[in-house]
Amino acid sequence: GQEKIHTPNIDALAKKGMIFTDFYSGSPVCAPARCMLMTGRHPGHAYIRGNNEMAGRGNVWDYKKASEDPNLEGQWPIQKGTVTLGRLMQEAGYKTACIGKWGLGGPLTEGNPTLQGFDLFFGYNCQRQAHNYYPEHLWRNNEKVHLDNEIVPPGTKLEKGSDPLDLKSYAKFTQKEYAPDLMIKEALSFIDKNKDHPFFLYYPTTIPHVSLQAPPQWVEKYHEEFGEEEPYLGINGYLPNRYPHATYAAMISYLDDQVGQIVQKLKDLGIYDNTVVMFTSDNGATYAGGADTPWFNSGKPFKTEYGWGKGFIHEGGIREPLIATWEGHIKPGSISHFIGAFWDVLPTLCELAGTEPPDTTDGISFLPAMLGKETQQEHEYLYWEFPAYTGQQAVRMGPWKAI
């Protein structure tokens, strides 16, 4: 895809492992994609098929009220007793953690990650709250962790009369505690604590979801590389940004650095050779919040404009990178054309963990493909339905896709 953003650690994963060329998310937006990843079911069977913000509870978009009332946080919850990937890993003897963004049920609902198979949860329970990288709070299990940040709701504009070309006009959008900083520390700590025990770390980072926000030192690197640019004033949602191209690139390079920290931690602890690392994404590149993904050619060779990328079941909206590495088992620099999707991850990890997947899964294990074996089972078809954005359906069968 794009060639402007530097991602040496993700590139290294690809060189040392396997690239899947024909892999898909379960949905073109957050919550349903995560539901399908966690349950191994395709969108015709999955319980959550769209982003349901449950507005009937009250003003769920009021950030101040939500920070005071956890009943206003979270999306439509997955049901009590759902067979999740986390629960299956627990039953197989693994310690489990979800660190990042959940989006499958608020803190006070049956969808809470601590009730759905995760020994540790840290991050944003609610995807609305995740629209600001300097939030007032995060969650650790069932405890609200207050941060040294003020509430700045997405949609906030520059102060009237301020100079949009002056970086100081954007000062309130960069605060003290950057949520991804806290998340990577928690992830590395979890790995440390479980180095002598089987563990499953699900790290659904919010990056590069808008709002455009990154630590200044990362932005400055790309500002020097890209040069001057027009500011983003918030006309397409989220928060204004003085250097939108530089900030979007900075966010992804920051994520790349986190990938490097996780891999290095595994190596330092001597467990890298016994750890499978997978990297993928829950939907295609966005059209909102000043990200300007066509400028980066983020979905190359597919389009990312509105109607083609995120929110739509065209290839640019659901066809995602998947990289898998496992030192000594997956051939370095290998490529697989296995046609798969999020619902295949659950049976694959079950096979790795030596446990049976539930009968309800629509997925098939792609472990044979990862190991270069010729015994890989193939899908007869992949199916998507997405009720939002006017309603969409798609089927892929072999080299063909119908929308």
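## Accessibility and the model

A residue is called buried when its relative accessible area is under 20%, exposed when that area is over 50%, and partly exposed in between. The structure described here is a predicted model.

By this scale Glu68 is exposed, because its relative accessibility is 54% and the cut-off for that class is over 50%. Arg49, at 26%, counts as partly exposed, and Glu385, with a relative accessible area of 22%, is also partly exposed. Asp22 and Arg396, by contrast, are both buried.

Strand β10 spans residues 382-386, and four of its five residues are buried, so that the strand is mostly covered. The partner of β10 is strand β11, residues 392-397; the two run antiparallel and are joined by five bridges. Within this pairing, Phe386 stands opposite Gln392 of β11.

The two strands form a hairpin, with five residues between them. In the turn, Tyr389 has a positive phi of about 50°.

## Salt bridges

A search of the whole structure finds 14 salt bridges. One of them joins the side chains of Asp22 and Arg396, with an N to O distance of 2.9 Å. This pair links distant parts of the chain: Asp22 belongs to strand β1 (residues 18-24) and Arg396 to strand β11, and 374 residues separate them.

Arg49 pairs with Glu385, the closest N and O atoms lying 2.8 Å apart. Arg49 sits in the loop between α2 (30-39) and α3 (63-68), whereas Glu385 is in strand β10, 336 residues away.

A further salt bridge, between the side chains of Lys64 and Glu68, has an N to O distance of 2.7 Å. Both residues lie in helix α3, four residues apart, which is about one turn of the helix. Elsewhere, salt bridges with shared partners join Asp22, Glu315, Arg319, Arg396 and Lys401 into one network.

Rolling a probe the size of a water molecule over the atoms shows where empty space is left. The structure holds one cavity of 30 Å³ or more, and the largest cavity contains about 90 Å³ of space.

The lining of the largest cavity consists of 13 residues, and Tyr63, Gln129, Pro135, Glu136 and Ile151 are those nearest its centre. By class, seven of the lining residues are nonpolar, four are polar and two are charged.

Notes. Residues are numbered from 1 along each chain as its sequence is written. This is a predicted model: local features need pLDDT of at least 70, side-chain atom pairs count only at pLDDT 80 or more; totals for chains, interfaces and linings use all residues. Side-chain values use heavy atoms; hydrogens and water are left out. Buried means under 20% relative accessible area, exposed over 50%, partly exposed in between (1.4 Å probe, protein chains only). Two strands pair if DSSP finds at least two bridges between them. On a 1 Å grid over the protein atoms alone, a cavity is a set of points where a 1.4 Å probe fits but cannot get out, and a pocket is an open set with protein on both sides within 12 Å along at least five of seven lines; lining residues have an atom within 4 Å of a point. Grid points are joined across faces, edges and corners, and a volume is the space filled by probe spheres set on the points. Ala, Val, Leu, Ile, Met, Phe, Trp, Tyr, Cys and Pro count as nonpolar, Asp, Glu, Lys and Arg as charged, and the others, Gly among them, as polar. A salt bridge is a side-chain nitrogen of Lys or Arg within 4 Å of a carboxyl oxygen of Asp or Glu.
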